[in-house]
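Take a look at this protein chain and its fold.

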Amino acid sequence: MTQLRQEVDPGEAGLDAKALDRLDQHFAHYVDEGRLPGYLVAVARGGRVAHLTTHGLRDVAAGLPVEADTLWRIYSMTKPVTSVAALILVEEGRLSLDDPIGRHLPAFSDPQVYESGSGAGLRTRPAAQPPLIRHLLTHTAGLTFAFYHNHPVDALYREAGLDSAVLPGSDLAGTVDAYARLPLQFEPGTEWNYSVATNVLGRVIEVVSGQPLDVFFAERVLGPLGMTDAGFCVTDEQAPRLSELYGETDAGGIEPIAGLPLRGRPRFLSGSGGMVASAYDVHRFMELLRRRGELDGVRLLAPETVDRMTRNQLPGGADLRAFGSRPAHDEPGNDGVGFGFGVSVVIDPDRTQAPSGLGTFGWSGVATTTFWVDPGRDLTVQFMTQVRPKSSLRLFPDLKRMVHEAVTD
């Protein structure tokens with residue numbers, strides 16, 4: 001086990017220690033008010049951790065504190081890891097961004113697209129073009145989530161038993177086949193809709209590599225990067241370090257809720273949101289991307305591949321707000337923010353909700369975890385807690401603003 005440590009004083013890294021203290025105090029109030037159990041925040045420049053704070057508890061009932069080696073369910077922060085895994089196969093020539101998904105997953109060979117109506121009166125037509133691997137990476141394939149309650153197609157997902165994105169009792173292969181039996185919400189490549197696409201990408205990785213997703217991750221991504229605690233389950237030895245998961249109550253407090261079944265290898269390996277990791281693991285992954293594909297002499301991707309991954313790939317160069325008719329997309333935080341391969345990308349800093357450098361990229365998880373890399377400032381940031389809010393806690397704009405206020409050069 002390796003844990004994250006502060007490596008340099010803030011001043012040496014061009015950061016204002018007093019501003020970082022204000023950041024710590026701000027988020028400590030959330031803990032004091034009972035809105036968060038505890039948290040970890042880490043800020044690094046040039047790859048060196050210059051600020052690391054742990055505060056509060058990882059398990060309130062047991063009185064166990066958040067520590068540097070605490071393990072966190074990172075949920076959708078799994079998506080960038082899956083994207084890197086897929087891009088490794090692209091570089092090896094075993095997969096192409098322009099491969100139709102049906103080439104690797106025959107169930108997607110005859111895609112239908114929603115045309116009109118709903119329920120028994122829903123009408124579809126053959127897709128004008130097949131969804132491609134690049135569409136999975138960018139969430140432009142026409143897939144969706146059951147929980148949106150915004151479109152006749154997401155209603156079909158609920159009818160198919162895909163409320164939690166997994167077919168009950170099924171594995172990744174069976175679940176992805178269930179997705180393929182449903183119509184696409186729009187023509188591939190024309191719109192953006194955050195979706196189950198990364199689960200489909202995970203299944204493509206399994207088929208192309210001939211390995212289960214967790215094995216491919218361990219051998220080709222996590223192991224080479226030294227992400228020693230990251231994976232789809234926790235061992236008996238790791239389990240005491242796992243944070244409890246909480247949900248937000250109607251009164252604004254928190255209460256324990258069920259989380260990912262992490263004890264023992266899960267039947268469903270979710271490339272979309274199934275991983276657990278420590279802050280050290282997340283730091284290592286951020287460093288891979290900050291250093292454009294190489295870390296400690298190990299190169300996983302070419303610099304040009306990481307550049308493409310972290311560049312806006314949305315139709316017409318639009319930002320996420322342009323697809324505001326989609327649920328949860330028409331939010332102020334989507335102004336000036338595009339999307340690459342598995343990560344959001346700042347394309348217009350003047351329009352973003354919180355201060356952000358041009359080209360800053362990263363992603364978040366549903367349990368209020370986030371990371372970002374700001375290439376212009378040579379800055380990486382992560383925030384870890386374990387609360388699934390009823391609505392956004394709005395922590396991240398404050399976090400971004402306060403980190404930017406701490407940068408002195």
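Phe217 and Phe232 are both buried. The two rings form a tilted aromatic pair, 5.5 Å centre to centre, with 35° between the planes. Keep in mind that this is a predicted model.

**Aromatic pairs**

- Phe217 sits in helix 8 (residues 213-225), and Phe232 sits in the loop between helix 8 and strand 7 (246-248), so their pair ties together parts that are 15 residues apart in sequence.
- The count of aromatic pairs comes to 15.
- Tyr39 and Phe383 form a stacked pair. Their centres are 5.6 Å apart, and the angle between the planes is 15°.
- What does the pair of Tyr39 and Phe383 tie together? Tyr39 is in strand 1 (residues 38-45) and Phe383 is in strand 16 (residues 379-384), so the link joins parts 344 residues apart in sequence.
- Tyr39 has a relative accessible area of 1%, so it counts as buried, the cut-off being under 20%.
- Phe383 is buried too. Its relative accessibility is 1%.
- Ring pairs also build a cluster. Its members are Phe145, Phe147, Tyr148, Trp192, Tyr194, Phe339 and Trp363.

**Nonpolar cores**

- The largest nonpolar core has 94 residues. Which of them touch the most other members? They are Leu136, Leu143 and Tyr179.
- Tyr179 touches Phe108, Tyr157, Leu162, Ala165, Val196, Asn199, Val200 and Phe268. That list leaves out residues up to four places away in sequence.
- Another core, of 27 residues, lies apart from the largest one. Among its members are Ala13, Tyr30, Val31 and Trp372.

- Helix 2 (residues 78-91) packs with helix 7 (residues 197-209) at an angle of about 35°. Their axes are 10 Å apart.
- The crossing of helix 2 and helix 7 is left-handed.
- Which residues of helix 2 meet helix 7? They are Lys79, Thr82, Ser83, Ala85, Ala86 and Leu89.
- From helix 7, the partners are Thr198, Leu201, Gly202, Ile205 and Val208.
- By class, this contact has six nonpolar, four polar and one charged residues.

**A glycine in a loop**

- Gly161 lies in the loop between helix 5 (152-159) and helix 6 (172-180).
- Is Gly161 buried or partly exposed? Gly161 is partly exposed, with a relative accessible area of 23%.
- Gly161 is in contact with Val166, Leu167 and Pro168, leaving aside its neighbours within four places in sequence.
- Gly161 and Arg321 are 160 residues apart in sequence. In space they are 30 Å apart, C-alpha to C-alpha.

- Most residues other than glycine have a negative phi.
- Arg292 is in the loop between helix 9 (279-290) and strand 10 (294-295).
- The relative accessible area of Arg292 is 38%, and Arg292 is partly exposed.
- Where does Asp378 lie? Asp378 is in the loop between strand 15 (369-374) and strand 16.
- Asp378 has 32% relative accessibility and counts as partly exposed.

Notes
Residues numbered from 1 in each chain as written. Predicted model: local features only at pLDDT ≥ 70, side-chain atom pairs only at ≥ 80, totals over all residues. Heavy atoms only, no water. Axes fitted to C-alpha atoms, helices over the stretch in contact; angles between N-to-C directions. Helix = DSSP H or I, 4+ residues; strand = E, 2+ residues; numbered from the N terminus. Left-handed = near helix turned anticlockwise from the far one by under 90°. Contact = heavy atoms within 4.5 Å. Nonpolar A, V, L, I, M, F, W, Y, C, P; charged D, E, K, R; others polar. Core = buried A, V, L, I, M, F, W, Y, C linked by side-chain atoms within 4.5 Å. Buried < 20%, exposed > 50% of the residue type's maximum accessible area, 1.4 Å probe, protein only. Phe/Tyr/Trp six-rings, centres within 6.5 Å; stacked < 30°, edge-to-face > 60°.
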